[in-house]
Amino acid sequence: MNQVQPQAIHRKDYCAPDYRFEGIALEFDLLPEATRVQSKLSMAAVNPGKPLVLDGEDLKLLSVKMDGRLLGTSEYLLAERTLTIPNPPARFTLEIETEVNPKGNTQLSGLYQSSGNFCTQCEAEGFRRITYFLDRPDVMTVYRVTIRADRKTCPVLLSNGNLVEEGALPDGRHYAVWHDPYPKPCYLFALVAGNLACNEDIFVTQSGRQVKLRIFTEHGKEGRSAYAMDALKRSMRWDETRFGLEYDLDLFNIVAVSDFNMGAMENKSLNVFNDRYILADPETATDGDFAAIEAVVAHEYFHNWTGNRITCRDWFQLSLKEGLTVFRDQEFSSDMRSRPVKRIQDVRNLRARQFPEDAGPLAHPIRPDSYIAIDNFYTATVYEKGSEVIRMMHTLLGEDGFQKGMKLYVDRHDGEAATCDQFVAAMADANGADLEQFRLWYSQAGTPELQVEGHYEAQNGEYVLTVAQHCPPTPGQPEKKPMHIPLHVGLLDAQGQDIPLRLDKESAVPQRNGRLLSLTAAKQTFRFRGIPEPRALSLNRGFSAPVNIKVKQSGVERAFLMAHDSDAFARWEAGQQYATDLLLQRIANPSTPFDPAFAAAVGQILRDDALEAAFAAEAVTLPSEDYIADHMAVIDVEAIHTARRALRRQIAETHRDLLLATYDQNRISGPYSPDAGPAGRRALKNAALAYLAELAAEERGILDRIAGQYRDADNMTDRMAALRMLVDLNVPERQAALDDFHDRFRGDALVLDKWLALQAISALPDALERVKALLHHSAFSMHKPNKVRALIGSFTANALRYHAADGSGYAFHADRIIELDPINPQVAARLLAPLGRWRRVDPGRQAKMKAELERILAVPKLSRETYEIASKSLAG
Ligand code: TRP
Ligand code: ZN
């Protein structure tokens, strides 16, 4: 390689900063191609005599003044990514003037433009793309921000905190001054300036303060922010009632932009959102979109305490704020909607995105030990597994104990930059609990595997449960220590009732719904006494730990759990494991018939009126193709697809009339509501129709029903569900519906993203050809992350077509990465991960995938982000 390889940064090298800031005054003169930024810093040395090394990237340095005196170029050192003042005094002021180009900023990090509006994204290291600064989260200071801009194109001028002054300037310009009283790290700085519409509301906090709430959108879209506003108010109330945390300023602003690298950003009192997580109405947003908006609005709001008031000491601690805040948003959604259904969806998501990461070349602990580009570590592991780790502490300590720990954490660290260790210490200290072994969850990567064996000893009425734990090796961690794993188990009697589980030496029996075991050793045996003959063993209820379980269970036992387990999650899980077993057997031997007992169990769920519709929809949905793939030594995408379709078809044939009845019973008349109840009925109705779609090729009536639902839908959920079915069917109705959809929503970028994504995930053989053609469609742009994810990201998730044996999918993927890297390295690097799964496929495909990774690595001037993912994907 002809380039210098980017260097890794290590957690163990952490050093406290040598300088403190006693305040920063920023002044922006906004112009699209040449914005001037003046930064006045009041500095104090923590360790006098050390050089001051400021971070900076893609900046034009105009001038540097120290204590009012202009510095000559020999008095500082300007390098590619730093500005060094070799020998500053103990206290001084520094004035730095830089120029940046927001319009040319295609990376969408730092100050950039979206639809002509100025906005910033500073997490993780974007602030250094605005001005030279100590760009690290443990440097916290108070910001005063002056924004000057053209009054006509930028009537709205926003930054963090309170508006202290505004007024007119010559030449049609105006200004605003903002002051944020809370010291913050620079990654939470934000500025927005533009021509925006606004939806305004008021929230009265529990202590009676009025908070002005505003959601800014592009003009004409303000009517679509009502649900987000409602979600915001519910989040604010929930954080008061469940966590005792109240909002701390008099205003809270959200801005929705259409060009954004991630989901949303929690800048202090000025959250900036990808507009897909704000804008919704029944015609353009699905039930899933509404639920995601609720979750993301809550997530960003909750960061005000878990992230902003208490931030991270360094980026290795990212899960301190992200894992905890994901846990909080999951709990919020559970309290707003159905708790078991939310748990099922979160586990599905964890298995789809985090388990493969933990089993692949990019595996890392929730608190990583090193990174090359921190932006690559905003991962499912840090976020979703991080949340599972918090949830396990919640399970071990209980809600009261957990809240005691939270209170101590906030009392101890409010206003500080803290560590994961400090969070665990607060939980342990507040409860007098021993969490020493539990801390291994922060340092060991990989998904632990539990080998479980249970048997009944009739002669002494005892049930003996043996659990062995093992965590597979991950990059840099060949061997692991046993972890502290909370495992919630149950035993069902012949009536499906929970048998009280009394351990060895105990007399009293505390729990009625099974019990929580603490696994701490490599292998442990539990003896339950006084047990009548059990029918079924229920494991990992509520998904009490993020582990994989190996246990021999018959289809009969699994069907029994599906029908009777008192734990709703475990009922769902029994069905998933049952289906997985059947599918794996079928893949191993294509002539194996499916045990009809499974279809019968699915029928029981469809017939059970006592079940929540949303739960039934989850319970009849088969595990995904990717989930099946994760259970195979060598992935065979064709065989998985064929087997899964065959099982779906058997269920459709067995239950044709029942599915039709389910469809009809769950139609809703009257106005659309995004609430969990009606959304669940739509989910069940559409799950039934999707099964029937397996019969559409020979049953005209079913095809008519699907096409009819597409045409007559009064909401996007139903319209999208029908279109999703049509894109997998080789019928004329398919193209007609796709064309209609495009014409109906031609001006709506977010809806056209759905249109792009649907075509990219089609199971039909021409998926790649279509995706290639769509690259030239006006609905697509390589400069817009939402478009890139919708078309290219979705295609790489289409395992059947992405893994085409001729390697065409891989080559297409690599071409797009190479094209995108110089435009937006953060998005390019994230998009790259699927190529890292090469170890999981056959040797022919392996060679093709590796060749594409090598081709990417050979590109001159490859970004650090993409370099890190590509090189680790090859090595790991
Ligand atoms: N902190 C944000 C969140 O989780 C994530 C985020 C938004 C982000 N934009 C980013 C992370 C850009 C890295 C880069 O809510
Ligand atoms: Zn977050």
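Reader: How are helix 18 and helix 19 oriented to each other?
Author: This is a predicted model in which local features need pLDDT of at least 70 and side-chain atom pairs count only at pLDDT 80 or more, while totals for chains, interfaces and linings use all residues. Residues are numbered from 1 along each chain as its sequence is written, chains are lettered from A and ligands numbered from 1 in the order written, and side-chain values use heavy atoms, without hydrogens and water. The axes (lines fitted to C-alpha atoms over the stretch in contact, with angles from 0 to 180 degrees between N-to-C directions) of helix 18 (residues 732–744) and helix 19 (residues 749–760) come within 9 Å and cross at roughly 160°. Angles over 145 degrees count as roughly antiparallel, and helix 18 and helix 19 are therefore roughly antiparallel.

Reader: Which residues of helix 19 meet helix 18, and how many residues of the contact are charged?
Author: Contact means heavy atoms within 4.5 Å. Leu738, Phe741 and His742 of helix 18 meet Val751, Leu752, Trp755 and Gln759 of helix 19. By class (Ala, Val, Leu, Ile, Met, Phe, Trp, Tyr, Cys and Pro nonpolar; Asp, Glu, Lys and Arg charged; the others, Gly among them, polar), this contact has five nonpolar and two polar residues, and charged residues number none.

Reader: How are helix 4 and helix 5 oriented to each other?
Author: The axes of helix 4 (residues 339–358) and helix 5 (residues 380–413) come within 9 Å and cross at roughly 125°. Helix 4 and helix 5 are therefore oblique.

Reader: Which strands stand at the edges of the open sheet of four strands?
Author: The order is 10-11-16-13, with antiparallel pairing; two strands pair if DSSP finds at least two bridges between them. Each edge strand has a single partner, so one side is left without a neighbour in the sheet; the edges are strand 10 (110–114) and strand 13 (156–159).

Reader: Which residue of strand 16 stands opposite Phe118?
Author: Strand 11 (residues 117–121) and strand 16 (residues 191–194) run antiparallel, joined by two bridges. Opposite Phe118 stands Ala193.

Reader: Which residues are the protein donors of the zinc ion (ligand 2)?
Author: Donors are N, O and S atoms within 2.8 Å of the metal (3.2 Å for Na, K and Ca), and water is not among the atoms, so sites may look incomplete. The donor residues are spaced H-x3-H-x18-E in sequence. Lying 1.9 to 2.1 Å from the zinc ion, the donors are His299 (NE2), His303 (NE2) and Glu322 (OE).

Key
Parallel < 35°, antiparallel > 145°, perpendicular 65-115°, else oblique.
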